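The sequence and coordinates are shown first, and the description follows.

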Amino acid sequence: MTKPFTKPSLPGPGDIYQAVLSNGLCVLVRSNFNSPSISMGGYLPAGAIFESDKKLGLADFVASSLMRGTQMRSFDSIYNELESAGASLGFDSGVHNTSFGGRSLVEDLPLLLKLLSESLQTPTFPKGEIERLRAQLLTGLAIRAQDTAELADMAFDQMLFDGHPYARPSDGFPQTIQSITRKDMQEFHRLHFGPRGMVIAIVGAVHPRKIVEEVERVLGGWQVPGQQEAYALPPHRPIKKTIKRHHTLAGKSQSDLVIGMVGPRRKDPEYMSASIGNSVLGQFGMMGRIGDVVREKSGLAYYAYSSLNSGTGPGTWEVNAGVNPANLKKAIDLIERELRRFVKHGVTKQELADSQANYIGRLPLSLESNSGVVSAILNIYRYDLGLDYYLKYADLVRAVKRADVLETARKYIDPQRLVISTAGP
Amino acid sequence: MANPITQATLKNGMQVMLKEIHTAPIISSWLWYRVGSRDESTGKTGLSHWTEHMQFKGTKKFPANMLDKAISREGGRWNASTSHDSTRYYETMPADKIDLALRLEADRMRNSIFNEKEVASERSVIISEREGSENEPIFRLGEAVQQYAFRVHSYHHEIIGDMADLRTITRDDLYTHYRRYYVPNNAVLAIAGDFETGSMLKRVKELFERIPKGAAPPRLARPEPEQKGELRFSLEGPGETCFVQLAYHFPNATDPDYLPLQVLDSLLNGASGLSNKTSRLYRALIDKGYAVDASGWSDASIDPGLYRITITTHPKRKPEEAIAVLDAEIKKLQDELVNNDEIKRAVKQARAVFAYGSEDITHQAFWMGYTAMFSTYDWFTTYLNKLARVTPQDVQRVARKYFQPKNRVIGIYIPKGKGG
């Protein structure tokens, strides 16, 4: 029924074009002439890690303000050009980086690059726009304060990473957002935005060399001699025994829970074992073993799954579920039981083989769209996995043994030292 | 959109749509049934969505715990959803594994078990799903707006169903619903991706053509009488944020007025899938500080549906002020002809959104089946050209015809503080 597919579809050193501009900015390009559009993404090291506790949310506020006006264009003019072309561009921030993403028809890529360049280099933080944005951010925080899943997540991070930058919500608190001034934003931009450490990836119907020239033209002259170096992450304090906290929120019909612990960093050698183990625990099929016991067998929740969130620093390995408040304890007991089983017996041969097959089989699906390839390229660059990572991927997956999963599970999961965060009535 | 499609009807009445795309070693298969929440009567609301859940609970050949594992093992992605008008199941698989998805769908078109125990377990899962939605003020507001807008038509209730019915629907109710609507002559199979049409059609026939045709399933359709005046209500709940939702009765997707209304929507609320910071409502409501967010959407429905605008009001403003600003913007559209350039802009935006969608094979298979639910695939392929023919006069005419206060429902969510 299918005919052989001969076109190489996995990105690798043969078709990811890489160039470093004289100011340090790294450009990654991959051509895809099957699509009339392009996707762009990237990041630079200007994240929330640089914020003080009193100004939490500053990096996020700055990222949201970059397109609110530049030396060349007003907010309205920026978005008018962008939206008239059916293009999009946006900035976001996390603990380590400010990231950006956009897409357009291929003919509008120069517009996208020009607006990216202006927003990064010459934002003006207009007063009126900043106040409008502040009202939007504060409303977002008021909505967050009524969201059981967000509150449970936030408290989870606070307990797990107490005293560490990862404990802090990158969108801040109402009082910190209120305290941020235009001067704070200008200062943050001056100190942390620059080409050093910046990466941009572009995928679509483009010729790589031409694109690099285009990026050089709009961003190659950007120099920021005082751009601050990224801080090293402080060590986090391991928790000594299980901690529980419930955030009471009246008038809600469902409670959310997060149970978890610290997970590996993306670059750690055991990452793949943890990831495949997590697939068995709470992803594979209908949300893995967790989904099976909490949803399928007990009917306690619409969603119940586990996830591994690994990045630059320590990650999280967590189980999330939304349950009727009356079933909260029962769901927690079931999840704790599954975690104990997981660290005692690990995964079966069949479970391991199933998840390995899933990982290998689904790879082309994740690389189907231009934006999927942009994420994949940025991922391997950011975590230094090698441009041939996706070519080696199947072997890396197959190399994981049952003993590796068990050893990794035992390294990270201690059923006596969990963080259990719940929110609801 | 350039690739042609092949359409066929099997002997049992099942409609098949095939589109070859050879850009990635992937195939996406979507099976659509002409049944949705509109086909449910009072007392049995939520049947279609619950039936969709039960379709994941197994057949003899593919028992419950084997179904999802079989797809996942091959690296596939699959899911299902229910709307007012239809229910759809999809699998996107590595191209050489698609046969599994086709065998599975052919089997569960007829052989799902609907085990009593599984029904009981799924009852609490769906109740939990509804409770999760009820946590959200926007869900509660949207549900109430729908109830006010449709007194007679079965678009009246939420797709998930009313809690009272979720507690009382029986296994037999579900099974009867399944057998009535899950027949090949009520289904459309749309497949896109890396295959050869002749051999794919042959395989589809082998698997599906032997399933016997059923009685033509009834469709519930009680026309909603014209609304004779504005309906306005409020509801209360926890929080500090006030939301307003306005819903105008709107024509169905094949009505000649539908496309001018899409242009109008683009002018008012921006293009779907893009940022919205230069639309008329953004400039009037958000730039001027009456709201912190505003968005609009409508379904492409079989029967006349709703166009909804949802506004998150600014904490220092009253919802009535935002409504007055919105009314002034609508009056402008009724009194002044829009500029031709604004229409060109809406067309360019739509062209870009179509291009983004064409990157994704799953998306392309979706559109074939989706349009078949209320029209034909031509609706999709001619959309951009038709949009380009919309005139400023068309936009003014539909603004005057549909955007009348007597044709709308306004719901306001009043927050009662942190404690609820």
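The contact between the two chains takes 64 residues from chain B and 59 residues from chain A, where two residues are in contact if their C-beta atoms, placed from the backbone, lie within 7 Å. On the side of chain B that touches chain A, the elements that give two or more residues are helix H2 (64–73), strand S5 (87–94), helix H4 (116–134), helix H8 (197–208) and helix H12 (340–357) of chain B. Helices (H or I, at least four residues) and strands (E, at least two) are DSSP runs, numbered from the N terminus. H4(B) gives the most to this side, with nine residues. By class, the side of chain B that touches chain A holds 18 nonpolar, 23 polar and 23 charged residues; Ala, Val, Leu, Ile, Met, Phe, Trp, Tyr, Cys and Pro count as nonpolar, Asp, Glu, Lys and Arg as charged, and the others, Gly among them, as polar.

The model is predicted: local features need pLDDT of at least 70 and side-chain atom pairs count only at pLDDT 80 or more, whereas totals for chains, interfaces and linings use all residues. Residues are numbered from 1 along each chain as its sequence is written, and chains are lettered from A and ligands numbered from 1 in the order in which they are written.

Chain B contains 16 helices and 11 strands. The radius of gyration of chain B is 23 Å, close to the 22 Å that the globule rule gives for 420 residues, so chain B is as compact as a globular protein of that length. This radius is taken over C-alpha atoms, and the globule rule is 2.2 Å times the number of residues to the power 0.38. The C-alpha trace of chain B spans about 60 × 50 × 40 Å along its principal axes. Of the 420 residues of chain B, 50% count as buried; a residue is buried if 20 or more other C-beta atoms lie within 10 Å of its own, exposed if 12 or fewer, and partly exposed in between, with C-beta atoms placed from the backbone.

The largest nonpolar core has 117 residues, and those with the most contacts inside it include A:Leu257, A:Val294, B:Trp32 and B:Leu189. Such a core is a set of buried Ala, Val, Leu, Ile, Met, Phe, Trp, Tyr and Cys residues joined through C-beta atoms within 7 Å. Helix H13 (residues 361–374) of chain B gives the most to this core, with eight residues. A second, separate core of 63 residues includes A:Leu58, A:Val62, A:Phe100 and A:Val199.

Chain A is assigned domain 1 (17–219) and domain 2 (243–424), with bounds that come from an automatic or database domain assignment. The centres of the two domains, taken over C-alpha atoms, are separated by 28 Å. Their contact takes 27 residues from domain 1 and 30 residues from domain 2 of chain A. H5(A) gives the most to the side of domain 1 that touches domain 2, with nine residues.

Two residues of chain A have a positive phi without being glycine, as tabulated below.
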